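This briefing covers strand pairing and ring contacts in one protein model. Please read it alongside the sequence and coordinates.

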Amino acid sequence: YDLTFVGGELDITKRLITLAADAVSKTYGDTDPTLSVSITSGSLGRVTVSDTLADVTGTLSRQAGQDVGSYDVELGSGAKSANYAITFETDNNAFVIDPLAITVTADDLTKTYGDADPSLTYESSVNLVTGDDFVGELSRASGEDVNTYAILQNTLAIDDGNEGKNYDLTFVGGELDITKRLIT
């Protein structure tokens, strides 16, 4: 025999896979939770050494921003990502920052009839995130006679660079009690 061999090729194509970010959330001011993805279609290839999802996705990140809202999770570039034709559901808003619940309670105050009003003060149930501040002031119902007057929120708000939307503010009013003046 006069054997002639003509070689062929084995073409290894990319494996089709669809990924979606797993939904996670945090409260405004907290640290970001760990990001992860799930396979929604397709599967990982198995060779002598098994691929892991981290080999394919690389380091995950999210859209920049610290204000309350929804953000997309973004894929990195993993060591094995070139072996896959990845479809990533990008419009996922899988990362959510929820508002920080805060209760502001006006302090109950007293003054004697005829004296000037004391400064209207309040306590907060949690500390504000660094860089955020209370702005505005409390007010009270009008009147100068001996009686009890409601202390109101008035213009008290939180300046967080996001129109106060990073907080879920609950206000608990107080009372200003005007007492009788002692006279002999």
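The model is predicted: local features need pLDDT of at least 70, side-chain atom pairs count only at pLDDT 80 or more, and totals for chains, interfaces and linings use all residues. Residues are numbered from 1 along each chain as its sequence is written, and side-chain values use heavy atoms, with hydrogens and water left out.

**Strands**

- Strands (E, at least two residues) are DSSP runs numbered from the N terminus, and two of them pair if DSSP finds at least two bridges between them.
- Strand β13 (residues 139-140) runs antiparallel to β14 (residues 147-152), joined by two bridges, with Arg140 opposite Ile151.
- Six residues separate β13 and β14 in a hairpin, and Gly143 in the turn has a positive phi of about 140°.
- β14 also pairs with β17 (residues 174-179), antiparallel over five bridges; Ala150 stands opposite Glu175 there.

**Aromatic pairs**

- The whole structure holds three aromatic pairs (Phe, Tyr or six-membered Trp rings with centres within 6.5 Å; planes under 30 degrees apart are stacked, over 60 edge-to-face, the rest tilted).
- One of them is Tyr28 with Tyr167, edge-to-face at 5.3 Å centre to centre and 75° between the planes.
- Tyr28 lies in the loop between β2 and β3 and Tyr167 in β16, so this pair ties together parts 139 residues apart in sequence.
- Tyr28 is buried at 7% relative accessible area (buried is under 20%, exposed over 50%, partly exposed in between, with a 1.4 Å probe and protein chains only).

**Charges over rings**

- The charged end of Arg140 sits over the Tyr149 ring, 5.2 Å from its centre (NZ of Lys or CZ of Arg within 6 Å of the centre and within 35 degrees of the ring normal).
- Arg62 has its charged end over the ring of Tyr71, 5.1 Å from the centre.

How values were computed
Helices (H or I, at least four residues) and strands (E, at least two) are DSSP runs, numbered from the N terminus.
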